[in-house]
Amino acid sequence: MTVRIRWQEPLCTALLATTMIGTCQASTAAPAPGSDGYVHVSPDGTVLGPDTYYPKDGNGGYDVDKYSLALDYAPYAMLLSGKATITATATQDLSRFDLDLRGLTVRSVSVDGVAATFRRVGEHELVITPKTPLASGQRFTVVVGYDGRPEPLTTARGRVGWLATAGDSAVATGQPRSAMTWFPVNGTEVDKATLRVSVTVLDEFSVMGNGFQVSDVPAGAGRHTVTWSEETALAPSTAMLGIGRWEVERITLPGGRTAINAYHPCAVDKRKIGGKLPEVLEFLTGKFGDYPQSAAGGLFLDRSLGYTHGAQTRPVYGRTATVADLVYATAYQWWGAGLSGKMWRDTLMPESVAQYAVWLWDEAKNGVDLDRRYRDTVTKVGDDAAFWAPKLTDPGKGAEFAPTTKAVLMVHALRRLIGDDAFFQIMAGFPAINPQGNQNWHDFELYVSAMTQRDLGEFNAAWLDGTVRPPDALLYPGR
């Protein structure tokens, strides 16, 4: 689902032109195949091409509106069978199109109720040829039947995707490419869509998903079907699913809403952390504005993940999670799940602010002097070339999240450069100009310059695009 921009602040015409999202491609006279790999287009019409890190991820030629998944999971055999119903709109005349699905066996594919030809190509490409070509603007429905034992992906951060233990929990979590391990998807961040997931499993198991639980009904002897639905369009990387013997806790949030936390039986000691969600939400709304999601809560696991997954409405926490992880994952609902990057090289744009929220929490709640923390960190790093080498705007495939500390230092340096009033106006304002949309580093640079009415070219060159330690004037602005 392409999210269109709703401007809520007076900005210059140049900024408006640059931040508009252009995702549709020109129609051709005769039906043509959709592109393998989502082709990004800048607002001025310049073709930027597929994601430079994962060029085969995502697909062109259509726009997904909704994923509806009917899954059946056998926890002892760790086997999954599913039927994915995908509602989409063609953005060009299509003779064929692709979905991303890694592993698993595809049994059947239909388009608008008619059997379609399909084949598997490469690591994760499902190529579909409908019996009748699709016309540009046509709304269509794809149904994919599949089964097998899902396998996770190994990344520099740890394993992501479908993580299962025989007879125990199965969790779909992590970034950047987890969704394709358990359902067919248009695996690009810019094609956000709603997600409805129904899971049939043994009665002793419960299910957690994005959004709200809408039903829990019997499904024969000793089995039940649980359905979760997220009606706010989400990026594929922010989808999650948890099947396990969860201990579920409902807590009241500021304003009277209810959040749902779930804990693995061996992680119930994390209730102290999950119970702080109301306080964290109240704090962050004071920094970033109204909470942008429809639901809240979290899933706390008994296993170490190596990361915290800021899944939309329901982050997933590993065994070593702390309050800092709770603050980060909650902030990610604004900066990350709400405001997403366009390509994976943009990862650190929202990530830097979500991580800096932990600094803000420590400043307000723990009395930490952030200037001292910043100076101590810079002193400790010194002239370490490896630390300063990654470009925040393009850290490299597999290193999307690696230079996080440098990115957080950049945010604090920016705060000191432009002052608190402008800084916090930007922290709340930038996600609000394109709710649940996609922006990149260039959009962020333009927005900051427009809001501050300052030329920040030197700062951006040193911090965002620089590969060496910034000069002292930009390392310690306003000192």
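Glu 279 is partly exposed, at 32% relative accessibility. Colleagues, I begin with this residue in what is a predicted model. Glu 279 pairs with Lys 276 in a salt bridge, and their closest N and O atoms lie 3.0 Å apart. Lys 276 likewise counts as partly exposed, with a relative accessibility of 27%.

Helix α3 itself comprises residues 277-288. The buried residues of α3 include Leu 277, Val 280, Leu 281, Leu 284 and Phe 288. Gly 289 follows the helix, with a positive phi near 95°.

How many salt bridges does a search of the whole structure find? The search finds 21. In one of them, the side chains of Arg 271 and Glu 249 meet at 3.5 Å, N to O. Because Arg 271 belongs to helix α2 and Glu 249 to strand β20, the pair ties together parts that are 22 residues apart in sequence.

Arg 416 and Asp 371 form another salt bridge, at 2.7 Å between the closest N and O atoms. Arg 416 lies in helix α8 and Asp 371 in helix α6, so this pair links parts that are 45 residues apart in sequence. Salt bridges with shared partners join both residues to Glu 363, Arg 415 and Asp 420 in one network.

Finally, I turn to Asp 57, in the loop between β3 and β4. Asp 57 counts as buried, at 6% relative accessibility. Beyond its sequence neighbours within four places, its contacts include Asp 100, His 124 and Arg 177.

Conventions:
Residues numbered from 1 in each chain as written. Predicted model: local features only at pLDDT ≥ 70, side-chain atom pairs only at ≥ 80, totals over all residues. Heavy atoms only, no water. Helix = DSSP H or I, 4+ residues; strand = E, 2+ residues; numbered from the N terminus. Buried < 20%, exposed > 50% of the residue type's maximum accessible area, 1.4 Å probe, protein only. Contact = heavy atoms within 4.5 Å. Expected span 1.5 Å × (residues − 1). Salt bridge = Lys/Arg side-chain N within 4 Å of Asp/Glu carboxyl O.
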